[in-house]
Structure formats: C-alpha cells, structure tokens
Amino acid sequence: MVSAKEPAIAMSSGLSIALLHCLCLATCLTGPPGQGKKEEKLWPENFTSILNSLLDGYDNRLRPGFGGPVTEVKTDIYVTSFGPVSDVEMEYTMDVFFRQTWVDKRLKYDGPIEILRLNNLMVSKVWTPDTFFRNGKKSVAHNMTAPNKLFRIMRNGTILYTMRLTISAECPMRLVDFPMDGHACPLKFGSYAYPKSEMIYTWTKGPEKSVEVPEESSSLVQYDLLGHTVSTETIKSITGEYIVMTVYFHLRRKMGYFMIQTYIPCIMTVILSQVSFWINKESVPARTVFGITTVLTMTTLSISARHSLPKVSYATAMDWFIAVCFAFVFSALIEFAAVNYFTNIQMEKAKKKTVKSLLEFPVAPVQRERSTEETVMSTDANSNVRKRTNATVQSEADGGSRIDTRHSSIQPPSVAQGSSDITPHSLSASSPNPFTRINASETLSSARATPPAPPSTPILTGFVSQHATAGSPSIQHLLGSRLEQIQTTTPNALGASAKPSAVTPPAPPAAHSGTSKIDKYARILFPVTFGAFNMVYWVVYLSKDTMEKSESLM
C-alpha cells in the first residue's frame, strides 16, 4: 500500500511544478495588467473605432431619452471678467465660461480610457441643449484662434460642454436714489424650444457654488460687486412652461466721482453766493456779478450731471440736491434785488421827510437897530447923474424876473426880513427928488417879490453887501449909508437874538450806507438753512437701504 501511494504523490508534485512554470512563463510574456492598457492607449485606431461606433446610427436631431424621461441639464458659470456697466443703456457686459452637463446613454462606450477629450468638431455631430439668454442683448462666442469650446464624453455617457462667451445683458435700473443706489443685474437663461416636460435645468454644484466670481475678475469703475444670488423660476407662454435659471449680480455705486464732479462744486457755489451778503449794498456791480455768475454755474452743473444718466422722467437724489442748491443761489440773487428795492424806498422817504421838516421849520426874527441918522442926499446933484440912476433902476425893475436863481436860493432870511423893514417912505425921505422916490419904491417892490432862500442854506456874513454890490448898482446908490448901517447891525442883531431863542434847523439825513437789515438776517438764515438741508439729505440717503431687491425685478 505504501509503495503504491508514493508514485501518485510524486506524479502530483511534478504536475504542480509544471503548472507553476507555466504560470511564470505566461506572466513574463504578458507583463503586468496595466502595461497592456498603456500600450493600448498609444494606438489611435482604438479611439477612431470607438467614435465611429458611437456615431453609428446616432441621430443628433433627437434629445436624449426622446419619448421617455425628461432630460436634465446641469449648468454652472465661471465669470472671468465682469463689467463695464452702462447707466445710459442700462446694460452690463461680462465674459464667462458657460458649462453644461447632461447624460446621453447613446454615447456610452467600453474603452481603455475613462474620458474622451474632444475638440469642437465633435459638437456639431451630437445633440446639444438649445440654451439662450433671455435678457441678453448681444452674445458672442469666441473663435480666436479656434472656437473656444470644450467637449468631453465619459464612459457612462455623461457629456461636458463648455464655451467661452461675452454677454451683454439688460439690467433694469431704477435711479430714484442715484448716485447712492444699488442694483441687482440679472442673467437669465433657459431652453428656447423644450418645455419643462421635456427638459429641465439644474445647478451643478447647488445654488451657492454653481456661480463663481473671483475678486480679480471685477473690472468695474463706478460700482462695487457685492455678491450674487441664484434662483430658478418657471415662465408660462402659449407654447408651454419653461424653466428659467437666473443669476442676480448685486452692484452698489461708488460716490467718489459724483462727490468730486457735482456735490462739492454745488456746495461751494452756494457758499460763494452767500458771500455777497457781506458786501456793502452800495456795491451793486459786485453783488450782481456774484448772483449772475453763481446762477449760471449751477445751470452748467445741472446740465453736466445729466449727461451720465438716461433720460428718465422722474427726479433722482442728485436732481433734488441740485434743485435745492439752485434755489439757494437764485434766492441770494433775489435777496439783493429786495435789498436794493427797499433801500431806494427808504431813501425816498427820508428825502421827503427832510424837505417837509425844513419847510415847516420857523425862521427866527432878526432884531435890527434903527439908525437915528438920516442920509441926506445932495440937492445940487447933477441932473445927468439922476437920469442915469433912474434909467438903471427902471431897467432892473423890468428885468426882476431874470435875476439869477442861484443868488435867490442862497439869500439869507435876514436880508429878506431886512428888506421888509425898508419902506418907500424912508427912501422918499432921504431923497429930495420925487422922480427918484418913485423908482426906489418900484425897486423895493421887486426885491420883496423875490422868494426867500430855503432855511437849510447857511447865513453868510457880508452876503447883503456882495449881493447889493454885484446885483444892482442902483440899490447901492439909492440906499447909500443906510445899506452900510444894515450890514453892521445885522450880525449884532443875529448874535443877540440867537442867545435867548436859538432854534437850530434839523440836520440833513445821513447817507443810507452800510448793512441792510435783510442782509443781516440773510447772513444767519441762509447758512443755517443750507446746513440743515445737507444734514437731513445725507442722513436720509446714507442710512437708507437703496439696494434693489432681486424679487422686484422678477
């Protein structure tokens, strides 16, 4: 028994050794498992055969799962450049990588690699979603130096399709709070032909991570990109209900440009207009230049501020500020007109009051001393001299109306009063010639008819002698020594009578110069009111939430 088992054991051991040798030989010939696959990748005929087999009988006119389940397209967006934003056109521009992923079971394959990385030529041979941007004004697919498209097919039939696009999309803006406004600019996209019963859109990485906007991608000058939100909505139309994917980019305007170009110049212009309140009211040209210049400056600023805005029918926050500043500047000009008007009225009233008081002022009587000496005219005077004297007196009596008004305006009251004391009887007593007495009576009558000088004219010593000497040589000849007596006694009489009853005429009105009451009130009222307006304006708008909500644009 023992001897029979030994040959069997020896045979089995020989067979096992032979099998081991065979396995080792096979391993050496075939190599490791992955080495065969690597060698298989190096053969392009394998890829060509795979692609040909995928496209054999493939109809790119039919969506995946046609007549069956709904096709799901997953999307995500990577923003490479955001901006600029146009307020006038109400649009914004962005450069994005737009990615779409879906499953097409007709493109499943069994091959040596997991992913087939293909170029844009394969895109036209397979079915792709008909995605379009609903609020896009202009979209451009980049083709330099070749069409910027990426197409990949996974082994399980999943397809990744990426393209580079520059999109100009509409951004509705409500500029009531301009320039302290914020906007939510939407980007809406969806299927053009397939309703939600055939195709739907979803976010690849969820609502929070499917849209990427790096900080360095923002190229905005007038705005700050605060962030973005995404949403999904359904839009109904006569052809069905469509799924629309929406991305809101939240923008807030920067105020630096408008502070430098509009707000600070307006404030300085208003302050400049209020400087005129400190200028003397008699400086009419200076104050007029201040008013007109500031009004024109405000007009220019208001026009230039509207150049960067669309022609909206409502007033913006900047419009209200400019309008109030314009009102302050215009009010400063009207204030000077009021000051000038009331100043002229006051001057006219003061003049009338002064004239009235001067006319009603009583003239103090002048006491004159009667001379006891009688002037005796020579009875043996030459008849030719008497004839010349009579002719002179007669000519002055006839031309009394042509006496210089300047002499009559400065004639002192004492002369007029003194001339009333000289009677024709005194002259007739001093002149023995009856012809001379008649002419002297006519001369005195014409002198009394001359109106007295205004009371405001000062009394000049020696005026009587000058007027008598320069005005009428015949009066000097007729009065003779009595005229000298009046000249000597008038100053003494005035000095004696002024002491017991001295009545001084009212002083002339002072010139209406200096500061008007309206200017004094305006110096306080205008700056305080303008400061209060600025405080209310900036507190209200800076504390107000001016960012537009996403729902308001949907």
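Q: What does aspartate 59 count as, at its relative accessibility?
A: Aspartate 59 counts as partly exposed, at 22% relative accessibility. The cut-offs: buried is under 20% relative accessible area, exposed is over 50%, and partly exposed lies in between (1.4 Å probe, protein chains only).

Q: What kind of model is this, and where does numbering start?
A: This is a predicted model, where local features need pLDDT of at least 70 and side-chain atom pairs count only at pLDDT 80 or more, while totals for chains, interfaces and linings use all residues. Residues are numbered from 1 along each chain as its sequence is written, and side-chain values use heavy atoms, with hydrogens and water left out.

Q: Back to aspartate 59. Which side chain does it meet in a salt bridge?
A: Arginine 61, at 2.9 Å, N to O. A salt bridge here is a side-chain nitrogen of Lys or Arg within 4 Å of a carboxyl oxygen of Asp or Glu. Arginine 61 is exposed, with a relative accessible area of 67%.

Q: How many salt bridges by this rule?
A: The count is 17. One of them joins glutamate 241 and lysine 236, at 3.9 Å, N to O. Lysine 236 is exposed at 65%, whereas glutamate 241 is partly exposed at 26%.

Q: What about arginine 155: which residue does it form a salt bridge with?
A: Glutamate 114, with the closest N and O atoms 3.8 Å apart. This pair links distant parts of the chain, 41 residues apart: arginine 155 sits in the loop between strands E6 (149–154) and E7 (158–170), glutamate 114 in the loop between E2 (91–103) and E3 (115–118). Strands (E, at least two residues) and helices (H or I, at least four) are DSSP runs, numbered from the N terminus.

Q: Which residues are linked in a network of salt bridges?
A: Asp87, Asp181 and Arg253.

Q: New topic. Which residues form a nonpolar patch on the surface?
A: Ile264, Met268, Ile271, Leu272 and Val275, with about 420 Å² of accessible area together. Patch residues have over 30% relative accessible area and no salt bridge; like charges are joined within 9 Å, nonpolar side chains (Val, Leu, Ile, Met, Phe, Trp, Tyr) within 5 Å. Areas come from the Shrake-Rupley method with a 1.4 Å probe, and for residues only the protein chains shown count as cover.

Q: Where is isoleucine 264 found?
A: In helix H4, residues 256–275. Isoleucine 264 is partly exposed, at 43%.

Q: How do the axes of H4 and helix H15 cross?
A: The axes of H4 and H15 (residues 517–543) come within 10 Å and cross at roughly 160 degrees. Axes are lines fitted to C-alpha atoms, for helices over the stretch in contact, and angles run from 0 to 180 degrees between N-to-C directions. H4 and H15 are therefore roughly antiparallel. That label takes angles over 145 degrees; under 35 is roughly parallel, 65 to 115 roughly perpendicular, the rest oblique.
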